[in-house]
Number of protein chains: 2
Amino acid sequence: MTTFAIGVDLGGTNLRIAAVDSAGKTLEKITTSTQVARGRDQVIDEMCGAIQEIVDKLRNTGVLAGIGIGVPGIIEMQTGMLRDSPNLPGWQNYPVRDEIERRLKTTVVLENDANAAALGEKWLGAATTVDDMIMLTLGTGVGGGIVLGGKIWHGMTGMAGEPGHINVEPDGHPCNCGSRGCLEQLASATAVKRMAMEAVETGKAPQMAQAMKASPEFSSKAIYDLAMEGDAPAQEIFRRVGRALGTVLADLVNIFNIPMYVIGGGVASAWDAFAPSMMETVRKNSFVYRATAPPKDAPANADAGRGGPPRFTVISQARLGSDAGLIGAARLPMISSHSPRV
Amino acid sequence: MTTFAIGVDLGGTNLRIAAVDSAGKTLEKITTSTQVARGRDQVIDEMCGAIQEIVDKLRNTGVLAGIGIGVPGIIEMQTGMLRDSPNLPGWQNYPVRDEIERRLKTTVVLENDANAAALGEKWLGAATTVDDMIMLTLGTGVGGGIVLGGKIWHGMTGMAGEPGHINVEPDGHPCNCGSRGCLEQLASATAVKRMAMEAVETGKAPQMAQAMKASPEFSSKAIYDLAMEGDAPAQEIFRRVGRALGTVLADLVNIFNIPMYVIGGGVASAWDAFAPSMMETVRKNSFVYRATAPPKDAPANADAGRGGPPRFTVISQARLGSDAGLIGAARLPMISSHSPRV
């Protein structure tokens with residue numbers, strides 16, 4: 001009998017569920033048709049139904065260790081409730097963890113989705129050889145997860161790990177968090193699109209203007225494609241993304257001096273467009289990075305720490321793509337000391 | 001018999017030594033006449049002589065737990081050597097720890113002075129009620145110390161804890177670290193003096209110009225005095241110090257979500273002049289701070305964490321003054337798992 005856990009990625013749009021065994025093998029993976037917009041109770045019903053179905057299917061070959069759920073928002077770890085989640089209206093102050101534990105009679109661990117993604121990359125992705133790592137997830141916003149000694153660093157109220165709100169430009173673009181010029185305003189998909197619109201408005205980005213006109217679904221991917229085709233205004237946007245990421249990574253390296261920093265999320269696919277200015281900025285801004293940079297002939301995403309304690313600072317693209325959060329969620333009950341309250 | 005330890009504060013100018021017992025009581029404290037400029041070997045000789053004298057004096061009443069030495073510079077924890085210390089030329093790659101262990105036959109722990117100061121404030125100063133805290137030391141430069149779970153966070157090569165080099169102004173004043181606009185360039189005593197000179201050069205700071213002319217020893221203290229007397233250009237300098245500190249504290253609160261941030265070092269004496277703009281900036285920039293700020297009627301430096309796990313973020317002036325590093329150094333051998341190599 002193998003031990004397995006269920007990971008749930010409760011996004012702002014869809015619900016994905018996977019069964020992963022303790023060796024990291026994905027046994028089942030489903031994207032449900034559940035529309036999160038249809039409301040909390042319906043989502044809970046369908047989630048529990050789908051989980052039960054998978055558990056029944058695996059009953060004869062494995063033992064369920066528990067369920068981990070990654071959600072976009074701030075979690076109150078002690079109570080297993082969502083404290084704040086703009087993308088999940090109606091879930092606030094609802095005892096998510098206890099309700100699912102009650103229904104499915106197993107350990108449930110609730111976690112912020114960016115923290116879950118960091119744990120996923122630490123377990124099976126870019127950071128498997130280290131105990132200390134930080135992940136930045138460049139999506140609609142910029143999420144962050146800090147893993148120290150193999151465990152997610154939550155801080156005293158579960159609000160730690162928000163490098164997306166490190167200040168980069170003191171008088172920069174207003175941020176939803178109330179500040180200005182946060183990393184999120186310079187390196188999220190939303191920021192890339194905003195910078196593209198600003199460039200179009202100057203009248204000096206004709207190709208971007210054309211692309212924007214042609215497609216109402218104009219995305220950061222389209223701007224990346226233009227950059228790779230040599231469009232100068234599109235390239236400048238990703239250079240700015242890179243400088244902002246480099247500034248924050250340099251801050252983090254100077255603060256933590258840990259061996260691994262992983263960049264994931266949709267915008268991380270534009271790695272080739274932003275990585276050069278990102279690495280140039282890290283090198284310029286961080287004396288700790290310069291003292292610990294991997295040897296020049298090592299590949300950019302060389303594993304840190306393989307064979308002995310880590311001595312180099314590695315900045316790497318994530319490896320698990322959009323599955324990082326799902327896999328990290330499945331890992332949660334395997335390493336949690338939390339006992340179910342059933 | 002009480003247990004005591006020796007703390008050594010090996011500054012860039014003088015050498016101070018204290019014997020502190022395990023309850024935190026200072027049994028002996030001396031400032032030696034040792035001039036660090038006279039060179040490594042002389043300093044080591046005199047340091048060992050002074051320590052031996054104290055140990056002999058206390059031999060009948062206490063047991064020596066070991067010696068902790070705080071030094072300005074980057075320590076290689078594994079070897080007990082100084083990796084880099086601009087203020088201690090000739091000490092680089094010298095086996096400080098092993099040499100003193102050999103001579104005095106007891107455990108020696110070498111530590112960065114800002115880390116030692118953080119540990120001192122955690123043990124007996126502003127942060128006694130918490131396990132997680134960060135200290136910023138505003139002196140010639142801006143040092144930092146991060147204490148997590150009661151222990152100094154060193155990072156993989158001992159270079160962690162450098163919030164003095166968090167970027168505040170992307171195109172700011174060049175920093176010795178190779179970057180620009182680091183906190184150190186905006187909140188150290190050196191930075192305060194530089195900003196005063198810049199203000200004098202504009203011709204719009206007549207009182208500062210006069211003070212500068214009157215005293216060749218013109219210090220950040222003199223600028224603070226002018227600010228408290230109502231001199232607008234001097235006040236603006238400390239508002240800028242406060243905004244820079246606030247920006248970095250907001251970053252740290254968003255990253256760590258820990259209960260205590262302590263500001264020490266000489267410039268911290270100007271608290272009244274910079275704290276208002278510092279706290280305004282922290283509140284504006286950090287949603288995590290706003291969610292965890294102490295109740296309005298609590299004193300600004302209220303202890304976090306007294307009675308139950310901490311839930312509030314407290315930003316406080318240090319309490320041990322220039323003794324923080326000395327007391328923290330004495331604490332090192334008491335909590336170290338390091339065994340002497342004698």
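**Ground rules**

I number residues from 1 along each chain as its sequence is written, and I letter chains from A and number ligands from 1 in the order in which they are written. Since the model is predicted, local features need pLDDT of at least 70 and side-chain atom pairs count only at pLDDT 80 or more, while totals for chains, interfaces and linings use all residues.

**Entry 1: the domains of chain A**

I began with how chain A is divided. Domain 1 covers 2-119 + 323-335, and domain 2 covers 129-319; such bounds come from an automatic or database domain assignment. The C-alpha centres of these two domains of chain A lie 27 Å apart.

Next I looked up where they touch. Domain 1 of chain A brings 11 residues to the contact and domain 2 of chain A brings 15. Here two residues are in contact if their C-beta atoms, placed from the backbone, lie within 7 Å.

Which elements of chain A supply at least two residues each on the domain 1 side? I found strand S5 (74-76) and helix H3 (113-124) of chain A. Helices (H or I, at least four residues) and strands (E, at least two) are DSSP runs, numbered from the N terminus. H3(A) gives the largest share of that side, six residues.

I also sorted the domain 1 side by class: eight nonpolar, one polar and two charged residues. In this scheme Ala, Val, Leu, Ile, Met, Phe, Trp, Tyr, Cys and Pro count as nonpolar, Asp, Glu, Lys and Arg as charged, and the others, Gly among them, as polar.

**Entry 2: where the chains meet**

I then turned to the two chains. In their contact, 34 residues of chain B meet 33 residues of chain A. On the chain B side, helix H8 (232-256), helix H9 (271-285) and helix H10 (287-292) of chain B each supply at least two residues. H8(B) gives the most, with six residues. By class, the chain B side has 17 nonpolar, 12 polar and five charged residues.

How are the two copies related? I noted that a rotation of 180° with 0.0 Å of shift along its axis superposes chain B on chain A, with an RMSD of 0.0 Å. The copies are therefore related as by a two-fold rotation axis. The superposition is by least squares on the C-alpha atoms of residues with pLDDT of at least 70 in both. I also saw that 97% of the interface residues of chain B are interface residues in chain A too, so the copies meet through the same surface.

**Entry 3: a sheet in chain A**

I traced an open sheet of five strands in chain A, in the order S10-S9-S8-S11-S12, with mixed pairing. Two strands pair if DSSP finds at least two bridges between them. Strand S10 (151-152) and strand S12 (314-317) of chain A each have a single partner strand, so one side of each is left without a neighbour in the sheet.

Strand S11 (residues 260-264) of chain A runs parallel to S12(A), and four bridges join them. A:Ile263 stands opposite A:Gln317 in S12(A).

**Entry 4: the core**

I looked up the largest nonpolar core, which has 224 residues. Such a core is a set of buried Ala, Val, Leu, Ile, Met, Phe, Trp, Tyr and Cys residues joined through C-beta atoms within 7 Å. A:Met133 is one of the residues that touch the most other members. Leaving aside neighbours within four places in sequence, A:Met133 has contacts including A:Ala118, A:Val147 and A:Tyr261.

Is A:Gly80 buried or exposed? I counted 21 C-beta neighbours inside 10 Å, so A:Gly80 is buried. The rule is that a residue is buried if 20 or more other C-beta atoms lie within 10 Å of its own, exposed if 12 or fewer, and partly exposed in between, with C-beta atoms placed from the backbone. A:Gly80 lies in the loop between S5 and strand S6 (81-84) of chain A. Not counting residues up to four places away in sequence, A:Gly80 touches A:Pro95, A:Val96, A:Arg97, A:Asp98 and A:Leu110.

A:Lys105 was my last stop, in the loop between helix H2 (96-104) and strand S7 (108-112) of chain A. A:Lys105 has 10 C-beta neighbours inside 10 Å and counts as exposed. The phi of A:Lys105 is near 55°, a positive value in a residue other than glycine.
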